[in-house]
Amino acid sequence: GPLIAGGLLRVRLELCVVESFFNEAVGPFIDKEGLKWILPLHETVETFLAGTIFALASTFILVGSTKIVSVLVTYADVLVGAPCRLFGGFAFDRAKGKPVTLDIGFGPFKKRIVGPGSPKDEVKKETWEDLIDFSGVEGKNIPVVIASGTVKAFGETSKVSREVLEAIDLFIGRYLTLIATGYIGIKFLHFKVFPDFPPF
């Protein structure tokens, strides 16, 4: 109830802040001033303040926004993507005639309790050609293969999307902060310590 509504309101507010920041602040400022304030030959009060404020505001806004989007995509992948991969992959493999296997344990202690072979056997990684090869599939199973393959592909796409957004969130949360700090430091040194560099 109220907790869900509050969470959704927070997400909507965060996305509105991002949209407002870029549409009403960054866009008009760049249209008016161009990009000469990023690293000009000679720093002025205006270029120093513009770069510093832009770096700080971008970092604070993007850190919060990417975190929220990453959490939402993770929930979507857990609730929708993972079941699609699990059930779609199970149906896809059965329709293509692969045996059911179930392993327990990890590393050298892994043991197969259902299915032929051993978990220590070298397993050939499936290629794209293997996935679309229907030569060993009975005609009556082809619709099942296509349907379950579509569901599995949706789940895999959800997984890739989650991993990409997690990587973006990690980059912004860790490295963008360092980059923004370094950028502000360079502008400060150029503005205060070496104001006459370069000498032309």
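Predicted model: local features only at pLDDT ≥ 70, side-chain atom pairs only at ≥ 80, totals over all residues.
Residues are numbered from 1 along each chain as its sequence is written, and side-chain values use heavy atoms, with hydrogens and water left out. Local features are reported only where pLDDT is at least 70 and side-chain atom pairs only at pLDDT 80 or more, whereas totals for chains, interfaces and linings use all residues. Here pLDDT is the predictor's confidence in each residue, on a scale from 0 to 100. The mean pLDDT of the protein chain is 83, and 90% of the residues score at least 70.

The protein chain contains four helices and two strands. These elements are DSSP runs numbered from the N terminus, a helix being H or I over at least four residues and a strand being E over at least two. Their order along the sequence is α-α-β-β-α-α. The chain is more spread out than a compact globule, because its radius of gyration is 26 Å, well over the 16 Å that the globule rule gives for 200 residues. The radius is taken over C-alpha atoms, and the globule rule is 2.2 Å times the number of residues to the power 0.38. Along the principal axes, the C-alpha atoms fill a box of roughly 75 × 45 × 35 Å.

Of the 200 residues in the protein chain, 24% are buried. A residue is termed buried under 20% relative accessible area, exposed over 50% and partly exposed in between (1.4 Å probe, protein chains only). Among contacts with a separation of 6 or more, 72% link residues 24 or more positions apart; a contact means heavy atoms within 4.5 Å.

Helix 4 comprises 52 residues (142-193), which at 1.5 Å a residue should span 76 Å; the 72 Å between its end C-alpha atoms agrees with this expectation. The expected span is 1.5 Å times one less than the number of residues in the helix. Helix 4 also carries a kink of about 35 degrees, centred on Tyr 175. In helix 2, a kink of about 40 degrees is centred on Asp 77. The bend at a residue is the angle between axes fitted to the seven residues ending there and the seven starting there. After helix 2 comes Gly 97, with a positive phi near 90 degrees.

The largest nonpolar core has six residues: Trp 37, Ala 50, Ala 55, Ala 180, Tyr 183 and Ile 184. Two or more residues of this core come from each of helix 2 (45-95) and helix 4, and helix 4 provides the largest share, three residues. Such a core is a set of buried Ala, Val, Leu, Ile, Met, Phe, Trp, Tyr and Cys residues joined through side-chain atoms within 4.5 Å. Beyond its neighbours up to four places away in sequence, Tyr 183 touches Trp 37, Ile 38, Leu 39, Gly 51 and Ala 55.

Two further residues of helix 4 were examined. Asp 169 lies in this helix and counts as buried, because its relative accessibility is 9%. With neighbours within four places in sequence set aside, Asp 169 is in contact with Val 63, Thr 66, Lys 67 and Ser 70. Thr 177 is likewise placed in helix 4, but with a relative accessible area of 31% it is partly exposed. Thr 177 touches Thr 59, Val 63 and Ile 172, residues up to four places away in sequence not being counted. The C-alpha atoms of Thr 177 and Gly 27 are separated by 22 Å, the two residues being 150 apart along the chain.

Positions elsewhere in the chain complete the description. Phe 60, in helix 2, counts as exposed at 66% relative accessibility. From Phe 60 to Leu 86, 26 residues apart in sequence, the C-alpha distance is 37 Å. Pro 28 belongs to helix 1 (residues 2-33) and is partly exposed, at 40% relative accessibility. Leaving aside neighbours within four places in sequence, the contacts of Pro 28 are with Phe 22 and Asn 23. The loop between helix 1 and helix 2 holds His 42, which counts as partly exposed at 36% relative accessibility.
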